[in-house]
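Dear colleague,

Please find below the structure that I am handing over to you. The notes that follow it set out what was found.

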Amino acid sequence: MEKTKLSMYQLYKDMLNTYLDSKSEHALYAAQQFSKEMMEKDMSPEEMVSLHMSVFQEMVPELPEEVVDSFDLLLEVMIGYGLAYREHQSLRDRQRQLESEINVAAQMQQSLLPEDKVSAPEVDLGVISVPAGKMSGDYYHYIQDDHGCIGLAVADVIGKGVPAAMCMSMIKYAMDSMPEQRLQPAALLESLNRVVERNIDSNMFITMVYGSYDPRNHRFYYAGAGHEPGFYYSKKTDSFEELTTKGLVLGLSQKVTYQEYVKNVEPGDFFVLLSDGVTECRTEDGFIEREQITDMIRKHIDLPAQDIVNLVYRELEKMQDFQLKDDFTLLILRRSV
């Protein structure tokens with residue numbers, strides 16, 4: 001440490017001598033490099049003032065008393081500044097560490113989402129999920145079994161950040177452990193509710209809608225746990241209908257039952273599952289109407305499901321000046337043939 005101080009002393013002395021002799025740009029550039037070295041060696045501002053004072057007094061031993069006194073005053077000022085500077089540095093380091101941890105958590109959250117595409121010529125699936133911040137409170141899920149049946153879900157964790165990511169992790173692994181209930185939405189929600197109620201804080205809860213499509217009889221079964229209603233589109237009547245469900249949010253009470261609903265699905269019919277970040281899109285005129293969502297979907301209704309959800313997202317993003325106010329998840333499952 002002492003060797004480092006001597007080295008900095010001599011380096012600064014040489015640099016100051018050069019500048020006083022030449023007043024050159026090169027000497028000023030050397031000063032800039034010296035300041036970087038100061039930061040690397042974690043020198044405080046008051047240490048720099050003290051260094052300057054020592055070097056200058058050696059170079060000019062007969063300094064006027066007022067100049068020496070002014071250095072003492074400056075040193076005192078810089079001590080307070082240095083304390084504030086070090087506190088700022090400490091906060092910045094902790095913020096960087098926190099951001100790094102959040103980035104890792106966000107990557108883990110992304111890894112919880114399904115990657116494989118549904119492989120079934122009779123269905124067309126499109127999904128988009130965009131967080132408003134680095135981490136999302138939304139979660140979506142889909143899976144296909146050996147008979148071609150498809151289970152799918154959209155959930156919204158009330159809360160964000162790392163706790164929300166941990167809840168999603170719990171939901172994913174709980175659903176993965178219930179393969180026998182993938183086609184029984186109400187039974188699956190009841191099982192999930194017990195898991196959630198036992199494992200998360202009482203101030204957190206989760207809304208979810210779960211559906212399953214059976215291509216053998218072309219029926220769609222679904223149940224909801226306090227989640228935003230989706231839509232069912234009938235190609236025959238060219239009309240949208242709300243997918244209203246009854247059921248408490250997950251995690252409020254251990255003994256909860258959920259009602260299961262079923263719809264026959266004709267070719268061209270589709271289901272829309274979404275989070276409240278879609279329907280509660282806020283513009284300068286306030287919240288948009290649900291009818292505006294179906295109007296946007298209808299505008300692109302002949303396109304593949306993935307193109308529809310992408311285009312609706314872009315339109316709503318533009319309406320919010322490209323700043324999402326809430327996490328956004330939109331999923332469409334259509335019977336193609």
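**The second largest pocket**

The second largest pocket has a lining made up of Pro114, Glu115, Lys117, Val118, Val123, Asp124, Leu125, Val127, Tyr140, Tyr142 and Gln306. Two elements give two or more residues to this lining, namely strand 1 (123–130) and strand 2 (138–144). Strand 1 contributes the most, with four residues. The space in this pocket comes to about 210 Å³. Sorted by class, its lining holds seven nonpolar, one polar and three charged residues.

**How to read the values**

This is a predicted model, in which local features need pLDDT of at least 70 and side-chain atom pairs count only at pLDDT 80 or more, while totals for chains, interfaces and linings use all residues. Residues are numbered from 1 along each chain as its sequence is written, and side-chain values use heavy atoms, with hydrogens and water left out.

Rolling a probe the size of a water molecule over the atoms shows where empty space is left. On a 1 Å grid over the protein atoms alone, a cavity is a set of points where a 1.4 Å probe fits but cannot get out, whereas a pocket is an open set with protein on both sides within 12 Å along at least five of seven lines; lining residues have an atom within 4 Å of a point. Grid points are joined across faces, edges and corners, and a volume is the space filled by probe spheres set on the points. Strands (E, at least two residues) are DSSP runs numbered from the N terminus. Ala, Val, Leu, Ile, Met, Phe, Trp, Tyr, Cys and Pro count as nonpolar, Asp, Glu, Lys and Arg as charged, and the others, Gly among them, as polar.

**Cavities**

How many cavities of 30 Å³ or more does a search of the whole structure find? The search finds two. The largest cavity has a volume of about 60 Å³, and its lining consists of Gln109, Gln110, Leu113, Ser129, Pro131, Ser136, Asp138 and Met168. These residues divide into three nonpolar, four polar and one charged.

The second largest cavity has a volume of about 30 Å³. Among the residues that line it are Ile143, Cys149 and Arg182. Strand 2 and strand 3 (150–157) each supply at least two residues of this lining.

**Ser136**

Ser136, one of the residues lining the largest cavity, lies in the loop between strand 1 and strand 2. Ser136 counts as buried because its relative accessibility is 6% (buried means under 20% relative accessible area, with a 1.4 Å probe and protein chains only). Not counting residues up to four places away in sequence, Ser136 touches Gln109, Pro131, Ala164, Met168 and Asp327 (contact means heavy atoms within 4.5 Å). The side chain of Ser136 also reaches the backbone nitrogen of Asp138 at 2.9 Å.

**Lys263**

Lys263 is found in strand 8 (residues 261–264). Is Lys263 buried or exposed? At 16% relative accessibility, Lys263 counts as buried. A polar contact of 2.8 Å joins its side chain to that of Glu241 (a pair of N or O atoms within 3.5 Å; within protein, one must be able to donate a hydrogen and the other to accept it, and residues adjacent in sequence count only if both atoms are side-chain atoms). Leaving aside neighbours within four places in sequence, the residues in contact with Lys263 include His218, Tyr232 and Phe271.

Yours sincerely

Notes. Buried < 20%, exposed > 50% of the residue type's maximum accessible area, 1.4 Å probe, protein only.
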